[in-house]
Amino acid sequence: MTISKELFLGKELNDGSYPVLIRITHQGKVKRISTSVRCRKKDWDASRNCIASSDRHFKLKNETVEALFRRIAGQIQKDIDRHIYDNLEAMISPFKKFKSSKNETMESSSAEMTFVDLIDRKIEATVSLNTRRGYESFKRYFSTHFDKGPLCTEISQAFANKFLETMEKSYSGKDAMRNLIVSKFKTLVNFGKECGVISSNVKINLPKYRFTTKDRNLNTEEVYYIFSAFNKAISKDRNLKKTRTMALALFILDMAFQGLAPVDLAMLKVGSLNYKTLYSIEKNPKKYISDPKYKEEYDRKFESIESVIINTVRKKTGQPVNIVSALAPISSILEPLTKKKKKDDYLISCIDKSKNYSPTQRQNKLANFFNNMAKNLNEALDDYYEEHNLGHRERISYYFARHAFCNCVDSLDVPRNLIQSMVGHKNTVLETSYLRSVSHWEQAMVSRNFFNLFI
């Protein structure tokens, strides 16, 4: 669930202004609540979701909207806390009332439900396309080795042991796949218990195959080697023509954009990059720059950072965000990526905008692209490590960029709540509503200090 303020451009009022609304989004559904406040389009600050100072009553209007915003957010949080158990019962009730083709309830027909049937139910109950694909892959693996599997009423530790033995043979030495398969099996058993088709008394113990925190961690020294390998590669390949140079460049670009998920990075378009000079004090820096009388005061008071701001949406939460990076350290990457491209062209050339891909085709296209890039990234780093006698190095993927950014920024003693807000670790109404957003200047400062570690 997300709650935000917006200028509703779908309804222009008689005086040319537009209503300011509170927008609540939950599971793809949108509810808008009127605030009685209105403003002109040119007076709306879209980056901050508030009325700009160009509106002479901006303070009063913003306070009015903010007061209602907090009341709504607080009420939602209160209702969630008060009715959590009632809501949980309502959430699982559709499974209890599910009617089969023979007009029987799910509970009464559970004696005939196989484990594969349970997987199908989980797929039907899943909204996310990626999660569905994960369960479909698990179903193909399970069906290959166990056909329809045992009846849900016969699920036991003995079957789990047999499943583990088969899985170990299939994926010996492949921790990531073992992690995926075991986690899906655990989730499905718990799902069966929630639906009432597996007895709550059944206890299944499985080993904890998972990525621990250290598995995806890259410390400051390791990130320094990535920068060094990139600097050496780009000195001979400034246009990023070689795949290995591009692979290193994309990893650094991903860190600059605070560890975007690869799919979010791939969906960026040239037009989504906004170049802007940010100032430490938000007055009117143009006045200080243009008027010689204020030159000395400007030099004393103001600090500026040339920055690039991207407007994107977090894939997991659907939350729109503005991410800010210092421009100078990544200009050598952005210039060849944007050269001779139009605003609606993708920044990274891995998707053909002229083709209509199905969701699965698009996902496969992106997966293949980043798998190939990860292969080249590791080969480039292997060569660098071997050349400098740096010893063993773990394999990395583009998902490491997020951890690398957080670890390095944390080493600069940046407050944890600021890092959390920047990378999008928000999952409750309270966090979304009451924690202040990070300003562009704060992000630019963090970005500049991050790059200063390596440049």
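Predicted model: local features only at pLDDT ≥ 70, side-chain atom pairs only at ≥ 80, totals over all residues.
Trainee: Among contacts between residues at least 6 apart in sequence, what share joins residues at least 24 apart?

Mentor: That share is 59%. A single residue shows how such a list of contacts is read. Take R38, which lies in strand β3, residues 29-39. Once neighbours within four places in sequence are left aside, R38 is in contact with L13, D15, S17, Y18, P19, V20 and K61. One of these is Y18, 20 residues from R38 along the chain, and the C-alpha atoms of R38 and Y18 are separated by 5.4 Å.

Trainee: Where does K41 lie, and is K41 buried or exposed?

Mentor: K41 lies in the loop between β3 and β4, the latter being residues 44-45. Its relative accessible area is 54%, so K41 counts as exposed. Not counting residues up to four places away in sequence, K41 touches L7, L9 and Y18. Y18 is also among the contacts of R38. The C-alpha atoms of K41 and I51, ten residues apart along the chain, are separated by 9.4 Å.

Trainee: What describes a pair of aromatic rings?

Mentor: Two values are used: the distance of the centres and the angle of the planes. A search of the whole structure finds 23 aromatic pairs. One of them is F227 with F451: the ring centres are 6.0 Å apart and the planes stand at 80°. Planes over 60 degrees apart count as edge-to-face, so the pair of F227 and F451 is edge-to-face.

Trainee: Which helices hold F227 and F451, and how many residues apart are they?

Mentor: F227 is in helix α8 and F451 is in helix α18, residues 440-452. They are 224 residues apart, and the pair links distant parts of the chain. F227 is buried, with a relative accessible area of 3%. F451 is buried as well, at 1%.

Trainee: Which residues form one aromatic cluster?

Mentor: F115, F138, F142, F146, F159, F163 and F185 form one. The charged end of K269 sits over the ring of Y346, 5.2 Å from its centre. R393 lies over the face of Y385, at 5.6 Å from the ring centre.

Trainee: How many cavities of 30 Å³ or more are counted, and which residues line the largest cavity?

Mentor: The count comes to one cavity of 30 Å³ or more. About 60 Å³ of space lies in the largest cavity. The lining consists of L218, E222, Y225, I226, L381, Y385, R393, E394 and I396. Two elements give two or more residues to this lining: α8 (220-236) and α14 (359-387). Helix α8 gives the most, with three residues.

Conventions:
Residues numbered from 1 in each chain as written. Heavy atoms only, no water. 1 Å grid on protein atoms, 1.4 Å probe; cavity = no way out; pocket = protein on both sides within 12 Å on 5 of 7 lines; lining within 4 Å. Points joined across faces, edges and corners; volume = space filled by probe spheres on them. Helix = DSSP H or I, 4+ residues; strand = E, 2+ residues; numbered from the N terminus. Phe/Tyr/Trp six-rings, centres within 6.5 Å; stacked < 30°, edge-to-face > 60°. Buried < 20%, exposed > 50% of the residue type's maximum accessible area, 1.4 Å probe, protein only. Lys NZ or Arg CZ within 6 Å of the ring centre and 35° of its normal. Contact = heavy atoms within 4.5 Å.
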